Amino acid sequence: MNTEKDFSPLTPNIVRALNDKLYEKRKVAALEIEKLVREFVAQNNSTQIKHVIQILATEFALSQHPHSRKGGLIGLAACSIALGKDSGLYLKELIEPVLACFNDSDSRLRYYACEALYNIVKVARGAVLPHFNVLFDGLSKLAADPDPNVKSGSELLDRLLKDIVTESNKFDLVAFVPLLRERIYSNNQYARQFIISWILVLESVPDINLLEYLPEILDGLFQILGDSSKEIRKMCEVVLGEFLKEIKKSSPNVKFAEMANILVIHSNDLIQLTAMSWMREFIQLAGRVMLPYSSGILTAVLPCLSYDNHKKNTKEAASACNHSLMKLVTPEDDVEEAMPPSSVPDDSSCKSREVQDGDAERTSVTLDLDGIVQVLDRHLHDPGTGMMTRIAVLKWLYHLYIKTPRKIFRHTDSLFPVLMKTLSDESDEVILKDLELLAEIASSPAGQTEASESSETTDIKSELQVPGSAKAVKPGPKSGDCSPSTPSMNSYFYKFMIKLLRRFSMERKLLDMRGAFIIRQLCLLLNAENIFHSMADILLKEEDLKFASTMLFQLRNQLKDLRTQESCALFCCLYRSWCHNPVATVSLCFLTQNYKHAYDLIQKFGDLEVTVDFLIEVDKLVQLIECPIFTYLRLQLLDVENNPYLIKALYGLLMLLPQSQAFQLLSHRLHCVPNPELMRTSPQTALRSRRPTPVDIDYGELLQHFDRVQNKHLEIRNQRAGRSEYPDKKLGI
């Protein structure tokens, strides 16, 4: 430094001492500067005061020479001490050069800078608050300083500044939050510790409402919560705990919506429990405000439900979140958004404005149904999804079909394949929940509305030949043409049954291991008549006769012998449903050993229109008779005397068939029937071998019902033939 330069009002001795390498000489110079500035204060000479501060800043504190910088720092501190309460007028000029030295490469110089700033702040006290951001920024850097002396000095300054903030009611939180939001993402442990300590202080000041700005720093706090240092994590837990207490006290003013998405993105093991606990509190406190964020919440919650006991607390918190969130979904979420009201209110609307405002506030929250379904669908498709998570997903879908049927049914076609695939799950509990869900889909009135115009559904109904009376309408007193116990079913029921049997056909292991279990559960959830009716309709068109016979074996076990009231009632119900298909009706009689009635039905076939499709079905029935399912029937051909109508019925089928392979097959079988004279038994033996007559079955009424159904089919065919005769005919022409 050029010592001959004019530094007045500083004397040459002061300048020389400020540049000295010895601390004692620089301290003597500082005392002279303090005396000089006091004289200027007494004279109210602000010009000279500013001039002294400027010289100390530019010529010393910001000098290239390290000893000069040290002299400048102690000189600026001396100025502040001399100014006393008036130092607030010159704080910008005093603070800025000192803060610049915080970045110095010399650790001793950084320490002196910290010491100088401490003296400046100690004198100014509350007057430094307008400069808080720059002070905080400088301190945050020193908090991570590698030199222990510098860190020690910065901690003293930090405590002083915290005391000032705590005592004052003029802290500018709005100006500080952007800096806090920036610094909170530091990865340095000391800087994180510094940040957390300041948040704790600000949270403890009654006049500072940091909760209002929590959405801006919450993500950073959770980042810090994942720190590897146990001490820092503990500090952060304390801070978050204090915030959560405030949230519970001030829930109406809390910005839950702005913080919801922050909680769901943190899946780190160290912070997941806290995030789940917060989420649980948010759902309970904010209620339906959280519904728009349901998909994100479920993304975070669902995987936790499959945790083992090592993460028991997290699992329990996630389960509580899941349960509370599910309860928020109500039938009002199924209501379509209404058109905006008229801008000109009438008298009645003015009178009820308060009620309308309350309703508007309630309904303004929109359920993110599409997002929820997407998350649930993704978890079902993921092979790594745990069992408890899969169960929770199915419970969610079931809940949505109960509470919001109209909206959720729009997603049924996309969900259906994965729900069918879930029937092959390893867990019985998962399969049970899946069947409950599929049963709800198949029986919900909303499903009929959604699927009624679907071309796929139309094809399914056509394939199954479901009569009009069996559609999703509960039979009334006059519905004599359908089973009196047929419940309400929609078009998805038939689609489901087709998919189920196809899956059984492709996965024989599923059929062998779970087939009976699945059919039994479906009979409990829906209606046995509908299950067996649809199964028979589908199996009549099944090309794989071995599979068809396996499935019919399940049906035969339900109807064997017809000795009980329940089996007879089931037979009558199935008969009424099946008689729309004559061949199906005969097969039912064969299954239940009603051979006389089968013969009576075949006698009526002469009055029916024998089509190619009809003959194909008779052909399949003949081939089915040769399968293991009808072994008992073939053995009964040996007892000619007691089974005359069985033989007559089979001969009736033979007479219906043209000269085909099926004709040859059945003819060969009948040629094997023994001579009745050779097989004759004593009357007592015949009496013992005769099967008991089924109870409470009015076969005459069943035949009348068969005639009525066939007449209806004839009318329908005639109507279709009339329409096809005049394809261009239009109404009114």
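The points below are grouped by topic.

The structure is a predicted model, in which local features need pLDDT of at least 70 and side-chain atom pairs count only at pLDDT 80 or more, while totals for chains, interfaces and linings use all residues. Residues are numbered from 1 along each chain as its sequence is written, and side-chain values use heavy atoms, with hydrogens and water left out.

**Overall composition**

- The protein chain holds 38 helices and 0 strands; helices (H or I, at least four residues) and strands (E, at least two) are DSSP runs, numbered from the N terminus.
- Of the 733 residues in the protein chain, 51% are buried; buried means under 20% relative accessible area, exposed over 50%, and partly exposed in between (1.4 Å probe, protein chains only).
- Among contacts in the protein chain between residues at least 6 apart in sequence, 74% join residues at least 24 apart; contact means heavy atoms within 4.5 Å.

**Packing of α20 with α23**

- Helix α20 (residues 387-403) packs on helix α23 (residues 428-443) at an angle of about 15°, and their axes are 9 Å apart; axes are lines fitted to C-alpha atoms, for helices over the stretch in contact, and angles run from 0 to 180 degrees between N-to-C directions.
- The two helices α20 and α23 are therefore roughly parallel to each other; angles under 35 degrees count as roughly parallel, over 145 as roughly antiparallel, 65 to 115 as roughly perpendicular and the rest as oblique.
- Their crossing, that of α20 and α23, is left-handed; this applies if the near helix is turned anticlockwise from the far one by less than a right angle, and right-handed applies if clockwise.
- On the α20 side the contact includes M387, R390, I391 and L394, and on the α23 side it includes E429, V430, K433 and D434.
- The residues of this contact of α20 with α23 divide into 10 nonpolar, no polar and 7 charged; Ala, Val, Leu, Ile, Met, Phe, Trp, Tyr, Cys and Pro count as nonpolar, Asp, Glu, Lys and Arg as charged, and the others, Gly among them, as polar.

**Packing of α14 with α16**

- The axes of helix α14 (residues 269-286) and helix α16 (residues 312-328) come within 9 Å and cross at roughly 25°.
- That angle makes α14 roughly parallel to α16.
- The crossing of α14 with α16 is left-handed.
- Among the residues in contact are L273, M276 and I283 of α14, together with A317, C321 and L325 of α16.
- The residues of the contact of α14 with α16 comprise 10 nonpolar, 6 polar and 1 charged.

**Helix spans and buried residues**

- With 16 residues, α23 reaches 22 Å from its first C-alpha to its last, close to the 22 Å expected at 1.5 Å a residue; the expected span is 1.5 Å times one less than the number of residues.
- Buried residues of α23 include V430, I431, D434 and L435, and the buried residues of α23 pack against α20, α22 (412-421), α26 (491-506) and α27 (508-525).
- In helix α9 (residues 173-183), the buried residues are L173, F176, V177, L179, L180 and R183; their cover includes α7 (132-142), α10 (189-204) and α11 (214-225).
- Helix α33 (residues 612-625) has buried residues that include F614, E617, V618 and K620.

**Single residues**

- S80 lies in helix α4 (residues 66-83) and counts as buried, at 0% relative accessibility.
- Not counting residues up to four places away in sequence, S80 touches S87, L94, N119, I120 and V123.
- D172 is placed in the loop between α8 (148-167) and α9, and D172 is partly exposed, with a relative accessible area of 45%.
- The C-alpha atoms of D172 and L129 are separated by 7.8 Å, although the two residues are 43 residues apart along the chain.
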